Amino acid sequence: MQSPTLTIGLPVYNAAPFLRDCLRSIFAQTWSDWELVISDDGSTDESLAILQSIDDKRVRLVGRGLHQGLGASLNLITDNARGRYIARMDADDMMHPSRLERQLRIVLERPDLDGLGCGIVLLDRSLEPAGVKLNPTDHAAICADPLAGIRLAHATFVGRTEWFRSHPYNADSYGCEDWELLFSTFTKSRFANLTEPLYFYRELDSSTVPKYLRRQLRAGLFSWRHGRDQFGMTRTAWECGKRFGRGFIFAGAGMVGMAEQLVRRRYEPIDAASAEQLRSTIQQIRRTASPSAWPV
């Protein structure tokens, strides 16, 4: 089989309630020269059965049958990728049908880029557009305050396969793999973002208090270990303290049932016309025929 231009990397762990819509959004893409490499991380729900039912030569299922974490799954995808570029995708999300084509055309034209992201649409639990988040477009602005975070949504990342192979994920940094990767590479890489919101994020389903708290604590500890020499003790301590504070605020909000409100506040409102267009796109995705045994 001839190597495709693009490998779509899909790590999966117990994502059965969302997986069919995620896969439909992949098969709905306007860019067709891709392979889908799926790493099942020892799922114990229906996920593996759904994946095994796909009948498409572009799709390969890899995995060791054991739960090893997201970082290990992502590295396994990179090891098995045959495309010159890799596009990230999470199993509980969806993407606009033109996402991969629009991102890939940019990276093909810009050999200086190591990674390209795009904007995010927040979906509520009924798949209604609930907000939008757009990140800066140029590298300097994306990396202007690295201790606070590299402003590129990791799940929207499209980059050269050789870059991923040169910068593997830390499989031991459970829950913070993406943050550590971007923080560790921004000085020797070049990133960019598209302004269009082409990635549909189900954060309200996936953001739990333990997960968010663990991420903030681990990101803070990593920043403290690796940021002091570059940014100074005072600034690093301040940023780490803010991360710890956000984690505990979110935990407190979860205890009183207000965590969802905090998540929504991270996004900007969507105007009525854009929301209606997004609804139409989501309906189009969900009508996409799937090369599998499960129904549309």
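The questions and answers below go through some helices, strands, loops and cores of a predicted model.

Q: How many of the twelve residues of α1 are buried?
A: Helix α1 covers residues 16-27 and reaches 17 Å from its first C-alpha to its last, close to the 16 Å expected at 1.5 Å a residue. The helix is mostly covered. Its buried residues include F18, D21, L23 and I26.

Q: Is R202 buried or exposed?
A: R202 is found in the loop between β9 (191-201) and α8 (203-206). A residue is buried when its relative accessible area is under 20%. R202 has 5% relative accessibility, so this residue counts as buried.

Q: Which residue has a side chain joined to that of R202 by a polar contact of 3.2 Å?
A: Leaving aside neighbours within four places in sequence, R202 is in contact with F18, D21, D92, D93, M94, L123 and L127. Two of these, F18 and D21, are among the buried residues of α1. The side chain that makes the polar contact of 3.2 Å with R202 is that of D21.

Q: What distance separates the end C-alpha atoms of α12?
A: Helix α12 has 15 residues, 272-286. At 1.5 Å a residue they should span 21 Å. The distance in the model agrees with this, at 21 Å.

Q: Within what arc do the buried residues of α12 fall?
A: In α12, A275, L278, T281, I282 and I285 are buried. An α-helix has 3.6 residues a turn, so residues three or four places apart point the same way. Seen down the axis of α12, the buried residues line one face of the helix, because they fall within an arc of 120 degrees.

Q: Which residues are exposed on the other side of α12?
A: The buried residues of α12 have a cover that includes α1, β5 (94-95), β6 (115-123), β7 (129-133) and β9. Exposed means over 50% relative accessible area. On the other side of α12, the exposed residues are A272, A273 and Q277.

Q: Which residue has a side-chain oxygen within 3.2 Å of the backbone nitrogen of A273?
A: The backbone nitrogen of A273 is reached at the start of α12. The side-chain oxygen that comes to within 3.2 Å of this nitrogen belongs to D271.

Q: Which residue in β9 is the bridge partner of M94?
A: β5 and β9 pair in the antiparallel sense over two bridges. β6 and β9 run parallel and are joined by seven bridges. The β9 partner of V121 is F200. For M94, the bridge partner in β9 is F200.

Q: Which element gives the most residues to the largest nonpolar core?
A: This core has 36 residues, and L6, L10, L23, I26 and L36 touch the most other members. Elements that each supply at least two residues of the core include β1 (6-12), β2 (34-40), β6 and β9. With six residues, the element that gives the most is α1.

Q: What is the positive phi of L127, which is not a glycine?
A: Most residues other than glycine have a negative phi. N14, in the loop between β1 and α1, is not a glycine but has a positive phi of about 50 degrees. L127 lies in the loop between β6 and β7 and is buried, at 9% relative accessibility. The phi of L127 is about 65 degrees.

Q: What distance separates the C-alpha atoms of D56 and S292?
A: D56 lies in the loop between α2 and β3 (59-62), and its side chain reaches the backbone nitrogen of R58 at 2.8 Å. Not counting residues up to four places away in sequence, D56 touches F27 and P291. D56 and S292 are 236 residues apart along the chain, and their C-alpha atoms are separated by 7.9 Å.

Note on methods:
Residues are numbered from 1 along each chain as its sequence is written. This is a predicted model: local features need pLDDT of at least 70, side-chain atom pairs count only at pLDDT 80 or more; totals for chains, interfaces and linings use all residues. Side-chain values use heavy atoms; hydrogens and water are left out. Helices (H or I, at least four residues) and strands (E, at least two) are DSSP runs, numbered from the N terminus. The expected span of a helix is 1.5 Å times one less than its number of residues. Buried means under 20% relative accessible area, exposed over 50%, partly exposed in between (1.4 Å probe, protein chains only). A polar contact is a pair of N or O atoms within 3.5 Å; within protein, one must be able to donate a hydrogen and the other to accept it, and residues adjacent in sequence count only if both atoms are side-chain atoms. Contact means heavy atoms within 4.5 Å. The arc is that of the directions from the helix axis to the C-beta atoms. Two strands pair if DSSP finds at least two bridges between them. A nonpolar core is a set of buried Ala, Val, Leu, Ile, Met, Phe, Trp, Tyr and Cys residues joined through side-chain atoms within 4.5 Å.
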